[in-house]
Amino acid sequence: MTSPAGRVLVLNAGSATLKMTVLDLPDAAPLFDHSVDWEPRSRSAISDAVDTALHAAARSGIDRSSVAAVGHRVVHGGPRFVAPTLLDEDTVAALDEIADLAPLHNPVAVETIRVARKRLPAAPQVAAFDTAFHATLPEVARRYPVPDGWVRDHGIRRYGFHGLSVEWSVGRTASLLGRPPEDLRILVAHLGGGSSVTAVDGGRSIDTSMGLTPLEGLMMATRAGSIDPGIVFRLMRDGAAADDIERQLDHESGLVGVGGTSDMRRLLDKERSGDQRAILAIDLFVRRAAAGIAAIGTSLPRLDALVFTGGIGEHAATVRSRICARLGLLGVPPIRDGATDGDAILERGSTGVSVLKVHAREDLVIATEALGLASG
């Protein structure tokens, strides 16, 4: 990825943490990296967190006046925002209008943008969207088999997420394999707090497991992933409130719902001591990840590479190995159950399928896009 030169401050406003990274492009190594744990329930809490991060940067010698651009990660761009976008009053107002598409993430990101524009008024600010990479999804991948009225009147369609991570993984895979992205057919499995798989054909997203929201698809740390929608109706008929069901599917399901913790490292430790909940949680995670990878893989004419990224994908070697062991039908080779430092080709299969591990660098994608727009 070719980068312009300049200093970029990247803000990633999550539901539990505000992450700030400063990069001096084209150098990929962060100049400054800082996280602030928060409960962003009010404007003042968000403002305080941004100020805390900026003060920490100042103590590390980062002068605000040296920042050439500010990049923001925004989870959902809706139908309008399908590319990185320079932010002004109109675009911020438009982001407010689609806040309900990602109620846990977008409102926090938009308020963070407002604070950052006040604190760094001289620096152009850019929003990069997790959904944007999936703007190339064909209609057959975007469409759900639901009534036309749902699509027409309510905008029900697949958007997909983790696009910034997938974009980086595609570029790194091409570099590691020594082949141009246009020649590669890749499955990117982003496994972490949120988990998804994306089919990339010649650099373009053509299918992905997450949908209208990040709840669909693979089992995740605290999200259930895809379940029978009849379960929701059953719970509502039994008196459960919609808000409670949504909260439980978003925060109390997945690994934490089955195994009692969302931390894969702890679950693996518990598995070694024979903990039955941990064993079941890991088995479910592996089974559903492999099934999701296989399903999305049917969208590709062939498979050149399976790429693991995200916290679990990068660091849980035994989970990677167990997933690959279930994917022989796709030509995925077995890989060894051992840790590997840095980005790496884990195995080159005799069928032509390579398995890789890539460290997620959404910050670098955001910074490059932000500086590129800011510098015209």
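Colleague: Does leucine 371 count as buried or exposed, and at what relative accessibility?
Modeller: This is a predicted model. Leucine 371 lies in helix α14, residues 362-374. The cut-off for buried is under 20% relative accessible area, so leucine 371 counts as buried, at a relative accessibility of 3%.

Colleague: Which residues is leucine 371 in contact with, leaving aside its neighbours within four places in sequence?
Modeller: The residue sits in helix α14 and counts as buried. Leaving aside neighbours within four places in sequence, leucine 371 is in contact with Pro4, Ala5, Gly6, Val8, Leu25, Ala68 and Ala69.

Colleague: What distance separates the C-alpha atoms of leucine 371 and serine 226?
Modeller: Along the chain, leucine 371 and serine 226 are 145 residues apart.

Colleague: Which peptide bond is cis, and what is its omega?
Modeller: In general, most peptide bonds are trans. Here a cis bond joins leucine 25 and proline 26. Proline 26 is found in the loop between β2 (17-25) and β3 (30-37). The omega of the bond is about 10°.

Colleague: What is the phi of histidine 162?
Modeller: Most residues other than glycine have a negative phi. Histidine 162 is not a glycine, yet its phi is positive. The residue lies in the loop between α5 (148-154) and α6 (163-177) and is buried, with a relative accessible area of 9%.

Colleague: Which residues does glycine 194 touch, not counting residues up to four places away in sequence?
Modeller: Glycine 194 has its place in the loop between β7 (185-190) and β8 (196-201). At 12% relative accessibility it counts as buried. Not counting residues up to four places away in sequence, glycine 194 touches His162, Met210, Met220 and Arg223.

Colleague: Is asparagine 12 buried or exposed?
Modeller: Asparagine 12 has its place in strand β1, residues 6-13. Not counting residues up to four places away in sequence, asparagine 12 touches Thr17, Leu18, Lys19 and Arg73. Its relative accessible area is 18%, and the cut-off is under 20%, so asparagine 12 is buried.

Colleague: What is the relative accessible area of valine 307?
Modeller: Valine 307 is found in strand β10, residues 305-309. Not counting residues up to four places away in sequence, valine 307 touches Ser169, Thr173, Ile186, Leu187, Val188, Ala189, Leu356 and Val358. Valine 307 is buried, and its relative accessible area is 0%.

Colleague: Why do the buried residues of α2 line one face of the helix?
Modeller: In helix α2 (residues 89-97), the buried residues are Thr91, Val92, Ala94 and Leu95. They pack against β5 (85-86), α3 (106-119) and β6 (125-129). The face turned away from the buried side carries the exposed residues Glu89, Asp90 and Glu97. Seen down the axis of α2, the buried residues line one face because they fall within an arc of 160°.

Colleague: Is the crossing of α10 and α11 left-handed or right-handed?
Modeller: Helix α10 (residues 264-272) packs on helix α11 (residues 276-297) at an angle of about 125°, with the axes 8 Å apart. That angle makes α10 oblique to α11. The crossing of α10 and α11 is left-handed.

Colleague: Which residues of α7 and α8 meet, and how many of the contact residues are nonpolar?
Modeller: The axes of helix α7 (residues 230-237) and helix α8 (residues 242-251) come within 10 Å and cross at roughly 135°. The two helices are therefore oblique to each other, and their crossing is right-handed. Val232, Leu235 and Met236 in α7 meet Ala242, Ile245 and Leu249 in α8. By class, the contact of α7 with α8 has no polar and no charged residues, and its nonpolar residues number six.

Note on methods:
Residues numbered from 1 in each chain as written. Predicted model: local features only at pLDDT ≥ 70, side-chain atom pairs only at ≥ 80, totals over all residues. Heavy atoms only, no water. Axes fitted to C-alpha atoms, helices over the stretch in contact; angles between N-to-C directions. Helix = DSSP H or I, 4+ residues; strand = E, 2+ residues; numbered from the N terminus. Parallel < 35°, antiparallel > 145°, perpendicular 65-115°, else oblique. Left-handed = near helix turned anticlockwise from the far one by under 90°. Buried < 20%, exposed > 50% of the residue type's maximum accessible area, 1.4 Å probe, protein only. Arc of directions from axis to C-beta. Contact = heavy atoms within 4.5 Å. Nonpolar A, V, L, I, M, F, W, Y, C, P; charged D, E, K, R; others polar.
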